[in-house]
Structures are given as C-alpha cells and as structure tokens.
Amino acid sequence: MSQAAIKTKKLSKRYDHAPSYALKDLSIEVQPGEVYGFLGPNGAGKSTTIRTLLNFIQPTSGTARILDLDIVRASVKLRGNVGYLSGEFKLYEGLTGQQFLDYMGQLQSPKSQNQRQKLVERFEAELHKPAGDLSKGNRQKLGLIQAFMHEPAVLILDEPTSGLDPLMQEAFFQLVRESKENGAALFISSHNFSEVLRMCDRVGFIRSGELVGEETISDLQDKAAHSFVITFAKTAPVSELEQIKQATIVSHDDHTVRLRLEGDLTPLFRVLASHKVQRLDQETANLEEEFLQFYEGDKK
Amino acid sequence: MRAVIEWTLRQRRWYTTWWTVGVSAFVAVEIAFYPSFKNQFAQLNQTIDKLPSGVKGFLGDSGNYFSAQTYLNSRVFYLVVPLLLAILMIGLGSALLAREERNGTIELLLSRPVSRSRLLLSKAFSGLLISGIVALISLIICILLSQAVGLPNSVREIAGAMLLTYLLCLIFGSFAFMLTAIGGHVKSSAVGLTTFFFITTYVLTGLEGTASWLQTPSKLLPYHYFHPQQMLDGHFAWGTVISYSLVSLAFGVIAWLTFRRRDIA
C-alpha cells in the first residue's frame, strides 16, 4: 500500500478550561486516490479535527502527518499541497470574486493557469460582483474554486455542497471523481448521507470527539442489504430467530418479523426451513439507517 | 508577504485616504491660524498663566505656550496630533489581525503556505505603511504651511517632532496589536485596554507636576518622555526615539511569540 496522504495517530485536542476532550485519540489513514467521508452530529469534533489538521489549533497530544509532513512542524510546507474549504466559508465582503481568486492565487501559485478558468466555467461562478452581493451558493462556488484551483494532492472539505443547487452538486461530484482519479486524497466532512454515498470510498463516524466506527461504503451497503421482512403462515418463531447470532429482531407481530442480519445467512434459512414461510422480502439498502445508528449512538 | 500587504492596503485605501485628509486638514487649519494668533501671544500667555498648574500640565511641556517657537508644539504636536495618530494606530493595531480572525478570513490565509510569522509581519508592516502615509503627508503639509506663514522651525525640527509623535503613538498601536495577537479575552478588549493605557499615561504625566508622588510612576509611562518642543528647538532626542522604537519592538516580539503558537479562534 502506498504511503497515506493523511495519517493521524491518537490525535487529541482539549481546549483550555474545557472539561473534556473535543477530540480524543483519533487514528485514521486516508490513502492517495481515496475519498474519506467524516461524519458525525454537530459538536462531535469534525471541525476540531479539520482545524487541527490545518494547524489552526494545536493538538494537545498525538501526531498527524499529511503527505508525510508533520502537521505542526511542517505546516507551512504541507499547506502548499492542500486545498481547504471551511464549513463556514467566509469571503472578503468588499472584493469581487475575481479579486478574491487573484489574491488567493498570489498566496499560492496554481500549477497551471488554465485550471482556475476551467473551474470558473464548470461552476459558472460569478466573478464580477462584490462578495457581499453574492448568494450562499455563489459564495460556495468561489470556495470550491479556491480549494481546487492549485490542484492539491490533499483536499480537506467541510460541507462542500452546502448551498449548491443540484446541477452544481453534480458538477462538484464530477470534480471529486476527477481529483480522485488523478490521485488526490479527499477528506470530506458532511451531514448529507446521499452525498457521502455518491462520493466516498470509506467513512469514519465521530461522536463526542471519538471515532466510533469506520467502514467502507461497500461494507455498509452489504450490511444494510441484509434486512428481511418474513411473513409466516402460522405464528412467527420469534424465539428461534432470536437465537441466531448476528440477527436483530427489529419488530414483529403474530405472523410477520422484520429482522436485520449481518454475515452468514445460513442460520436464518435453517430456521425458515422448519416453518411455512408465506413471503420473504429483502428490504432495499437503507444506509441512512446505518448512518443514523452511528449518529444516535446505537452503534459503536 | 507582499500579497498580504498589497491587499491589506487595497482594502484600506479609503480608510487611509480619509485619515490622511482629516489629520492633514487639522494641521493645515492650526497653522493657517498662526498669523491671526501671533499678535495675541502675550494676551494668550497671560490667560494660560492664570490656569492652575495641574491644568497647564495637560496643555504642553513648554513653559511658554504661545510664541513663534512653541506654536507648533502647543497647537499641533503636544496633544491633538498625538491624539489623532493614537486613535488611528489603536484602530489599526486592534483591527488588522483581529478583523481577519473575527470574520473568519484568517483561515483563507493560513490554509495557504503562509506562516503565521509572515502573516503577522505583513499585517504589522501594513499598519506601519498606513499610519506612515498619514503622518508623512501631514508632515509635508505642516512643513509647507509653516514656511508659508513664517514659523521659525526648520524642516529638520518639524520632521523630528513628527517622528517623535509618530513613535509615541506607535507604542499604543503596537500594544493593541500585541493584545489581538495574544488572543483570548484580551483580544476583544484590545481597543478598550489600549485607550485606557493611552489616557492614563497622558493624565498621569499631566498631573505629575502637581502631585509629587506621581513623579516616580510616571517615569514608566511613554508620555513622560514626550517633549516635541525639544525637537522643535533643534535638540534631537535620540534616546527617546530609540526607547520608543524598542518598546514598540518589544510589543511586536511578544505578539510574534504568542501568535505563532496559539489557537486561531
């Protein structure tokens, strides 16, 4: 496996006078060419993680490296190859989009002059109005352009589609795919499940400052696919079904059982074989349910 | 670094313009009235002499308040220009860095390959340039009009008085800048604390002539050493110039030491 683009090891942050850690022992790796979704409820520690990675705030303990450079000691050097979009993206109100991008371009020269223009065209960005007159969506477009215009190897994006209309969201997803194909690593914080499903290869769930789960999207899809609704001709054998390891009875009535099953299906079919089954339905993948379990703290 | 300075100056071009117009206009008006005043100096000095010594301490550092030689000191350099430049520099010092942080735009800068030290230095340099432009144009107006109305001070003497005034105010500007760089609660109180520092230093120095117990503590205050009349008399106060510069530099170093490591809000 190639060297991780982002690697954190027990990264922790405790603010002065705070009773608990805002981020505790976070250990993750994001590979080049991977899109990593970072999910969690408000206040879970997503922004703290991002702000620590960019050295806006100092870690209390632990280490992190981006492109094999220490985030504290080599922060200036590594930021030359990082694109960042803040969750609360702010612009200079008096500057037009053009002026703003000129300014950002002077601070960090783009690898190719065409890239910025291509992004402006792709997002149909409004460059001639002062930022104060722009809608949330148009501001967000400028935020995305400034993050991608120097073609960084690592992109750290906080709620990147916030305020974008569906067409522009589609343009963004396409841009993510292209960046990934070009070998960029993307670390994306989001609340939007469908967006995460479309973009990400892997997701990490954070709650109360701790990483509570990490799954590939394909694993999540596999798990979510094993939800069944079984209708029995006679009384449902609930107690037998409860004996199956990895099975969870979600709900039941006299004849119908809704259950979730992880892993091997054989034990389920063994039980079903000894009963008259009228109907067996596999529920469509419901990843939102998976996500919500992490959000609500049912899963760890 | 150059880009940050350029864009900071660009964003503050109107601010700089209006401050330049304001301070220069004040200087111009004061000097323009010199021909009207000069025939009434004796009368004005008699009036001033009747004031309590505590009040006189606030008006200037020369015993003779109205004369051709002391006119610029009492009307321009001792109180009002320092007051105006101090307001300008406290405003700049408390805003150049803090506004970027308050508005969230500092993340745009620090997510680029720009070190905190360079950002701090760029902002400090921008502040020096803006206040320097205001002081320099006011100085040019002052020199030209002084010569036009027949004031006896040379270009070197007037420039020396303006330099001393500028460096005095720079202490307050750099103090405010340091507070915003330190961050936390002091950042939001930078304007208030620095204004308090400025007023206190002026009031205590003004009162030191009437209250002997104030003479020792006032030696710790920058206004105690502020004697623009010495400059206007042709005695260049190198010691004060160097001391004022070192104090501002010390505030700048503290700003750098704290800002490069602290959390960005």
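Student: What is the handedness of the crossing of α2(B) and α10(B)?
Tutor: In this predicted model, the crossing of α2(B) and α10(B) is right-handed.

Student: At what angle do helix α2 and helix α10 of chain B pack, and how far apart are their axes?
Tutor: Helix α2 of chain B, residues 13-32, packs against helix α10 of chain B, residues 116-149, at an angle of about 25 degrees. Their axes lie 9 Å apart.

Student: Are they roughly parallel or roughly antiparallel, then?
Tutor: Angles under 35 degrees count as roughly parallel. The helices α2(B) and α10(B) are therefore roughly parallel to each other.

Student: Which residues meet there?
Tutor: From α2(B), the residues include B:Tyr15, B:Trp19, B:Val23 and B:Ile31. Among those they meet in α10(B) are B:Ile130, B:Ile137, B:Cys142 and B:Leu145.

Student: How many residues of that contact are nonpolar, polar or charged?
Tutor: The contact of α2(B) with α10(B) has 14 nonpolar residues, five polar ones and no charged ones.

Student: Changing topic: how many residues of chain A and chain B are in contact?
Tutor: On the chain A side there are 29 residues, in contact with 26 residues of chain B. The two chains bury about 2500 Å² between them, and 54% of that is on carbon and sulfur atoms.

Student: Which three residues supply more of the area that chain A buries than any other three?
Tutor: These are A:Phe56, A:Tyr92 and A:Leu107, which supply 26% of the area that chain A buries against chain B.

Student: And how many salt bridges are there between the chains?
Tutor: There are two salt bridges between chain A and chain B. The side chains of A:Lys13 and B:Asp263 form a salt bridge, with 2.7 Å from N to O.

Terms used:
Residues numbered from 1 in each chain as written. Chains lettered and ligands numbered in written order. Predicted model: local features only at pLDDT ≥ 70, side-chain atom pairs only at ≥ 80, totals over all residues. Heavy atoms only, no water. Axes fitted to C-alpha atoms, helices over the stretch in contact; angles between N-to-C directions. Helix = DSSP H or I, 4+ residues; strand = E, 2+ residues; numbered from the N terminus. Parallel < 35°, antiparallel > 145°, perpendicular 65-115°, else oblique. Left-handed = near helix turned anticlockwise from the far one by under 90°. Contact = heavy atoms within 4.5 Å. Nonpolar A, V, L, I, M, F, W, Y, C, P; charged D, E, K, R; others polar. Buried area = accessible area lost by both parts, 1.4 Å probe. Salt bridge = Lys/Arg side-chain N within 4 Å of Asp/Glu carboxyl O.
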